[in-house]
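Student: Before I rely on any side-chain contact, I would like a close look at a single part of this structure, with the cut-offs stated. Please take me through it slowly.

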Amino acid sequence: MDSPDGSPAESDRTAGPPTVSLLSIFTTFLQMGAISFGGGVTGWLYREVVDKRQWMSAEAFFAGLAINQILPGANVTNMTVYVGAHLRGMLGATIALTGLLSAPFVCIIVLFQFYEHFSDNVTVQRALTGAAAAASGLMILLGWKVCRQLGGAKALAIMALTIIAVSALHWSIVAVVAALAPVSILLSWKRGAP
Amino acid sequence: MRTSDDILGLILVFAPLSLVSIGGGTGIIADIQRQSIGSGWLTPSEFVDFFAISRAAPGPGSMLVVLIGWKVSGLIGALAATFALFLPSSALAYAVSRRWQRYAGQAWHSAFQSGLAPIAGGLIFAGVIAVFQVGATGPLTWAVAIGTALILGFFPRMNPLVLMALGSAIFCIVPLIG
């Protein structure tokens, strides 16, 4: 689907990861992408990469998780890049990511064809609205979980400001993050965050 | 040419969002809603439908942009949207992971993590608001949304897809009763 970037992978390997075929990387992530419904994909990834195939140590895996949490991008895609890079550098990362997204890409386009065909059906419309309501509920729960972990009034204030800026003032998210992230991180740093 | 304008438009919208998608695709839903409807790519009702489909389908929820890209410009649009949304953040993740294989010093990492958390949380709620702003909202929508949150909160092992199917069923059945 896409071609790997031109530059060769850097070879600052530590403790030599196993030599793994690109095909193996591709099929592992292809499988993961195909079954990645809802949450829990990270757990699946851990079982495959650390337990079953020993592609990396648990330590390295968790280090990856930690750094990826503060990076933009979905956890699953960042971890995919991380594991692929660990195994085969840039080529590995590219192949892994391509594998991960291939099945979802095809699947969602197929679903769209069904959607187009039935989009004027009232029942289908209602079903989708109901599904969207439920999916919103999932997001509410996620937001709530994040909320509970916040350390104090200042953090809550930042969260409230974010919501106001995006939802009421209709600022672009890029602007909101650019404005609030440095402030929030600085506050956190001064607080000596746990 | 129309098509290349469309493709460029898709890239210009999704690529920056890739870099601020803290906590993943969930965080940027508010902007995707605002910009894709504002650009005339989607009607509000289509946005809600696409959102539902992307949550039901396998893969990250940000595959929503694949649908938008496809609608705007077919396969090329879908591919462009995918690359635009996934490449920037992935490239950053790659660069960082190569250079910080064992990051030293917990302090800055904790500061980042707890600094970004309230923003990520705010973006998630903004995303929920964005979906509600354009969806057919009424007491039933709220009931299903809150109900889903509560159920999954108390029964975390439950498959989210089951809850989405339940939501669909409720929305189909209730009008028949009322």
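At what relative accessibility does A:Tyr46 stand, and does it count as buried, partly exposed or exposed?

Tutor: This is a predicted model, in which local features need pLDDT of at least 70 and side-chain atom pairs count only at pLDDT 80 or more, while totals for chains, interfaces and linings use all residues. Residues are numbered from 1 along each chain as its sequence is written, chains are lettered from A and ligands numbered from 1 in the order in which they are written, and side-chain values use heavy atoms, with hydrogens and water left out.

A:Tyr46 counts as partly exposed, at 22% relative accessibility, where buried means under 20% relative accessible area, exposed over 50%, and partly exposed in between, with a 1.4 Å probe and protein chains only. Rings of Phe, Tyr and Trp (its six-membered ring) pair if their centres lie within 6.5 Å, and planes under 30 degrees apart count as stacked, over 60 as edge-to-face and the rest as tilted. By this rule there are nine aromatic pairs over all chains. In one of them, A:Tyr46 and A:Phe61 are edge-to-face, with 5.1 Å from centre to centre and 80 degrees between the planes. That pair links distant parts of the chain, since A:Tyr46 belongs to helix α2 of chain A and A:Phe61, 15 residues apart from it, to helix α3 (residues 58-69) of chain A; helices here are DSSP runs (H or I, at least four residues), as strands are (E, at least two), numbered from the N terminus. A:Phe61 is buried, at 1% relative accessibility.

A:Tyr46 also meets A:Phe62, and because their ring centres are 5.5 Å apart and their planes at 25 degrees, this pair is stacked. With A:Tyr46 in helix α2 of chain A and A:Phe62 in helix α3 of chain A, the pair ties together parts that are 16 residues apart in sequence. A:Phe62 is partly exposed, with a relative accessible area of 47%, and A:Tyr46, A:Phe61 and A:Phe62 form one aromatic cluster.

The side chains of A:Glu48 and A:Lys52 form one of them, at 2.8 Å from N to O. These residues are four apart in helix α2 (residues 41-52) of chain A, so about one helical turn separates them. A:Glu48 is buried, with a relative accessible area of 6%, whereas A:Lys52 is exposed, at 59%. A:Glu48, A:Lys52 and A:Arg53 are linked in a network of salt bridges.

B:Lys71 is partly exposed at 34% relative accessibility, and B:Glu46 is buried at 16%.

Key: Salt bridge = Lys/Arg side-chain N within 4 Å of Asp/Glu carboxyl O.
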